[in-house]
Amino acid sequence: GEASFCWAENLRAIHIPEGVTSIPEDCFWACLSMEEISLPSTLKTIGQGAFYSNQGVTQLDLPAGLTDIGEDAFWQCYGIRSVTIPKGVTILRETVFCSCTSLKTVVLHDNITEIQRSAFNGCSSLTSMTLPKNLKSVGVNALSDIKVSSLTFHDQVEFLDSGVLYGASVQEIHFLGDVPEFDAKVFSGYTGTAYYPRYNQTWTA
């Protein structure tokens, strides 16, 4: 149930059996010694904060049938090195991978429509990520501190909130469609170069 193994500081491995479809909120919250997580193929949802601060986990294999990952689910999982988001997950919720400081590679599928506040904030080792073609909105500080050399916002993007790339080492960002709605501080803390479609009048009006 909810918070079942919260603060189980000596728990090092968890193997969740087939047939389990949901991991409750805060279930393995702050299991600081956790090194291995094995998730079943039947899993559909991971609750808010379920694996918060499982600091020793280095490998994360999310099941293909997963449809929802809760806020803070893997926040401060410092050891995770790569993650592939399953195709059923269309929203990356607030702080879901925040401060995963060893995370280098994130694979996003094109049906993701929303990256919420601080989803990848503090992922200071992140060098490989391609934004989804159907992405519509990006939340406050969602991509702060990442180190991807170039990012492309495709023609479906509608809204970028403040500090989206705050502190990020992204040399270039490219917009392919109409000018989206921007928060007034959208580029606060960002010093790269932005490119927009030369003959798109929504950018020059």
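Let me start with strand 13, residues 172-175, which runs parallel to strand 15 and is joined to strand 15 by 3 bridges; strands here are DSSP runs of E of at least two residues, numbered from the N terminus, and two strands pair if DSSP finds at least two bridges between them. This is a predicted model, in which local features need pLDDT of at least 70 and side-chain atom pairs count only at pLDDT 80 or more, while totals for chains, interfaces and linings use all residues. Residues are numbered from 1 along each chain as its sequence is written, and side-chain values use heavy atoms, with hydrogens and water left out.

The open sheet is formed by 3 strands in the order 11-13-15, with parallel pairing. Its edge strands, each pairing on one side only, are strand 11 (150-153) and strand 15 (193-195). Within strand 13, Ile173 stands opposite Ala194 in strand 15.

Ile173 also lines the largest cavity, together with Phe153, Leu160, Val164, Leu165, Val186 and Phe187. A cavity is a set of points on a 1 Å grid over the protein atoms alone where a 1.4 Å probe fits but cannot get out, and lining residues have an atom within 4 Å of a point.

Finally, Ser53 lies in the loop between strand 4 (45-46) and strand 5 (68-69).

Note on methods: 1 Å grid on protein atoms, 1.4 Å probe; cavity = no way out; pocket = protein on both sides within 12 Å on 5 of 7 lines; lining within 4 Å. Helix = DSSP H or I, 4+ residues; strand = E, 2+ residues; numbered from the N terminus.
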